[in-house]
Amino acid sequence: MSTDLIDVHAPVIEAQGLVKAFGDNVVLKGIDLTVYTGEVVCIIGPSGSGKSTLLRSVNLLEEPTDGRVLIEGIDVTDPETDIDRVRQRIGMVFQSFNLFPHLSVLGNLTVAQRRVKKRGKEEAEQIAREMLERVGLAEKADAFPSHLSGGQQQRVAIARALCMNPDMMLFDEPTSALDPELVGEVLQVMRTLADEGMTMLVVTHEMGFAREVGSRLIFMDGGHILEQGDPREVLASPQHPRTQDFLSRVL
């Protein structure tokens, strides 16, 4: 396809009237959100505001109670949609690394490629090594997760997601489980991905990352998006009283 036919401003992720309830607890209360190609959208807010639930609803790890989610124009909330096929376009990195402890780093990076992408062993290993190089861990291919630092394990988790050639990446507080001195190495990998044009939706407490790398900052509380805009402007001069209160406590 000719690149001049590709709309670089096309919506990649669309949430329309998204509601998620756990019994009587309504966590998302009619969220409308559109993420465009190449955007790095950072979501901040207090614990329990619905940030992670929103992220998990994007690829249907949480089934929305109401509303729709479209991924590159495909309605993933439609029961007829092959959600597993769509999920291959979405890389997801969690707080916990979710690596298989009995597999080497190379094994962790090839298992989904071979089972889901149906790649042969040689191709899968070549891609895995390329992605390890990309996150600065080429020399750790034969190591086991227990022999890696938390920051290294999280970088392996990012490399594993990249092995599937996703169109977008979702990060759910990827540095919150790390010791402070290990946070920087993970954020640097994320900065590089942003520089390369990867579309990213990031739930984070790292305000510096949001300010420097984010193209948009969203503040959530009580299941609503209360404020959004240019990260530098929102962080320097928040307009909503709740955003002001939150930032006064964390900055």
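This is a predicted model: local features need pLDDT of at least 70, side-chain atom pairs count only at pLDDT 80 or more; totals for chains, interfaces and linings use all residues.
Which residue in β8 is the bridge partner of Met168? The partner is Thr199.

- Strands of a sheet pair through backbone hydrogen bonds, in either the parallel or the antiparallel sense.
- Five bridges connect strand β7 (residues 168-172) with strand β8 (residues 199-203), and this pairing is parallel.

**Strand β9**
- Strand β9 (residues 216-221) is mostly covered, with six of its six residues buried.
- In a regular strand, side chains alternate between the two faces of the sheet.
- In β9, Arg216, Ile218 and Met220 point one way, while Leu217, Phe219 and Asp221 point the other way.
- β9 pairs with strand β3 (residues 40-44) in the parallel sense over four bridges. Within this strand, Leu217 is the bridge partner of Cys42.
- β9 and strand β10 (residues 224-229) run antiparallel and are joined by five bridges. Ile218 stands opposite Gln228 in β10.
- The hairpin of β9 and β10 has two residues between the strands, and Gly222 takes a positive phi near 60° there.

**Nonpolar cores**
- The largest nonpolar core has 49 residues. Ile158, Met169, Phe171, Met190 and Met200 have the most contacts inside this core.
- Helix α6 (residues 180-195) supplies the largest share of the core, eight residues.
- A second, separate core has 27 residues, including Leu55, Val58, Val69 and Leu201.
- Apart from its neighbours within four places in sequence, Met169 is in contact with residues including Gly91, Val93, Ile158 and Met200.

**A buried lysine**
- Lys20 lies in strand β1 (residues 11-22).
- Lys20 is buried but has no salt bridge. The nearest side chain of opposite charge is that of Glu62, 4.1 Å away, and a salt bridge needs the atoms to be within 4 Å.
- Leaving aside neighbours within four places in sequence, the contacts of Lys20 include Asn25, Thr53, Glu62 and Pro64.

**Salt bridges**
- Lys121 forms a salt bridge with Glu125, and their closest N and O atoms are 3.1 Å apart. These two residues are separated by about one helical turn, because they are four residues apart in helix α4 (residues 121-134).
- Lys121 counts as partly exposed because its relative accessibility is 48%. Glu125, at 22%, also counts as partly exposed.
- Arg191 forms a salt bridge with Glu212, with the closest N and O atoms 3.1 Å apart. This pair links distant parts of the chain, as Arg191 is in helix α6 and Glu212 is in helix α7 (residues 207-213), 21 residues apart.
- Arg242 forms a salt bridge with Asp245, again with the closest N and O atoms 3.1 Å apart. Arg242 and Asp245 are three residues apart in helix α9, so about one helical turn separates them.
- Salt bridges that share partners join Asp221, Arg242, Asp245 and Arg249 into one network.

Notes:
Residues are numbered from 1 along each chain as its sequence is written. Side-chain values use heavy atoms; hydrogens and water are left out. A nonpolar core is a set of buried Ala, Val, Leu, Ile, Met, Phe, Trp, Tyr and Cys residues joined through side-chain atoms within 4.5 Å. Buried means under 20% relative accessible area, exposed over 50%, partly exposed in between (1.4 Å probe, protein chains only). Contact means heavy atoms within 4.5 Å. Lys and Arg count as positive and Asp and Glu as negative; His and the chain ends are not counted. Two strands pair if DSSP finds at least two bridges between them.
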